[in-house]
Amino acid sequence: MRRTMVGALLVLAVTMAGIAPVAAVSTGPNAALGPAPAQTATETCSFPVSATDATGANVTIDGEPESVVAIGASTAQIMWSIGAQDKVVGMPQGPTTSYLDGSQNRTDVYQADGYTVATERVVGTDPDLVVAANIIPNETVETLRGAGLTVYKSTEAGSIDDVYDDVNTTGRLVGSCSAAAETVNETQETVSAVEEAVEDEENPRVLYPQSGGFAVGNNTFINDVVETAGGDNIAVNAGIEGYQQISNETIAERNPQWIVTSSPATIPTGEPYASTAAVQRNQTVTVNANYISQPGPRLVAPLVTVASALHPEAMQQANLTTVENTTASTSTTSSGTASTAATSTGAVATDGGTSVDAATSSEAEATSVEATAGGAEADETTAAGGATAAGSGDSENATAGGETTSSNGPGFGVVGAAIALLGAALFARRRP
């Protein structure tokens, strides 16, 4: 039943191509996809509500907030997914959030560098509540609390289940409990369907490289996406936790059969990459940078993309891909590494002259953030070079285009633009 419903959503995607003020923290003075309809107070939400956040503070909210500042692209994504976007008065502006319809009409809460919080702007919006992503430094949170704002900092997402928790918690804090539960249920439907589709398949060896020689390791929601899609992460097998550097010796020894990335520019052209099975067979999966680097409900799009690349027949049998087996030929580097050409329209021209939707980048080296100081989650992206400073997550420049896959290997199922529309079909709310 779940597979049928998700399959129908994908088919649809292709064919359609009473509110009180908020109390202070108790511990101190201190696509363009269409949005969901705005939510009002629900029967399942009740106030006051308290929750312990990532700083250890017990944040108490006396009444449903009318205005919310979302610090962090993933937080904004969640607010849109639960239909609470009309409450958002401030958020990051730029490519990391431009896929959220209407997001440009909010106050930009970041400074010109694209990742440092402009605290004076946040305070200037006079919000009832500030919800900060886990990448936001504790110092910034305390500064905002010191200015009299109520701030909840989300906990780190080390798994897909943690993303569910974050969605439900955010919904509870802003008064959108039922919509949050619905979003989680819909996301779980897709995740469960993918798990069932690939559970009997052999798991190929996968590497998710990042700039600066980093790789996605254990206890990260990105690794959970890779493993749920039926991949065997060589970084995890090598004992890498979180986002750490991976040695060339490990890559050569473990020889990944597939490379998953949000930017092919992160894949070195020399050894040991050039000799891996993934590069030799041109088996690279390029996923949307925003969706894979922001721990939010839209992670289902790269999940389906990766699963469809690794296990095309199983995914087709489960009705989780709507495109027949074809091969997407992409431009390659001299070593054979698959690469895509970023364009202003979000299209990638293939060797055959056709084009497929892709995430574009105003910086050729934009990649998923390797880590943030203190173990914060990979919430956004950073420019290449391995920068890992806390709070640097929102410098992502990849826009929300379609999920793309590239391979010259046999039996490769391309989901292409269908997956780009999956979020719209999956998260569309019932309108009156």
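Which two cysteines form a disulfide, and how many Å apart are their sulfur atoms? The notes below take up this point and then the parts of the model around it.

1. Basis of the model. This is a predicted model, in which local features need pLDDT of at least 70 and side-chain atom pairs count only at pLDDT 80 or more, while totals for chains, interfaces and linings use all residues. Residues are numbered from 1 along each chain as its sequence is written, and side-chain values use heavy atoms, with hydrogens and water left out.

2. The disulfide. Cys45 and Cys177 form the bond, with their sulfur atoms 1.9 Å apart, and a search of the whole structure finds one disulfide (a pair of cysteine sulfur atoms within 2.5 Å). The pair links distant parts of the chain, since Cys45 lies in the loop between helix 1 (2-15) and strand 1 (49-52) and Cys177 in helix 6 (residues 177-198), 132 residues apart. The torsion about the S-S bond is about 110 degrees, so the disulfide is right-handed.

3. Burial of the two cysteines. Cys45 has a relative accessible area of 11% and is buried, and Cys177, at 15%, counts as buried as well; buried here means under 20% relative accessible area, exposed over 50%, and partly exposed in between, with a 1.4 Å probe and protein chains only.

4. Helix 5. This helix, residues 160-174, has 15 residues and reaches 22 Å from its first C-alpha to its last, close to the 21 Å expected at 1.5 Å a residue, where the expected span is 1.5 Å times one less than the number of residues. Helices (H or I, at least four residues) and strands (E, at least two) are DSSP runs, numbered from the N terminus. At its start, a side-chain oxygen of Ser159 reaches to within 3.4 Å of the backbone nitrogen of Asp161, and the helix is followed by Gly175, whose phi is positive, near 90 degrees.

5. The buried residues of helix 5 include Val163, Tyr164, Val167, Leu173 and Val174. Leu173 and Val174 are, with Met79 and Met315, the residues with the most contacts inside the largest nonpolar core, which has 62 residues; such a core is a set of buried Ala, Val, Leu, Ile, Met, Phe, Trp, Tyr and Cys residues joined through side-chain atoms within 4.5 Å. Leaving aside neighbours within four places in sequence, Leu173 is in contact (heavy atoms within 4.5 Å) with residues including Phe47, Val49, Leu129 and Tyr152.

6. Overall. Buried residues make up 59% of the 432 residues in the protein, which has 15 helices and 18 strands.

Technical notes
A polar contact is a pair of N or O atoms within 3.5 Å; within protein, one must be able to donate a hydrogen and the other to accept it, and residues adjacent in sequence count only if both atoms are side-chain atoms.
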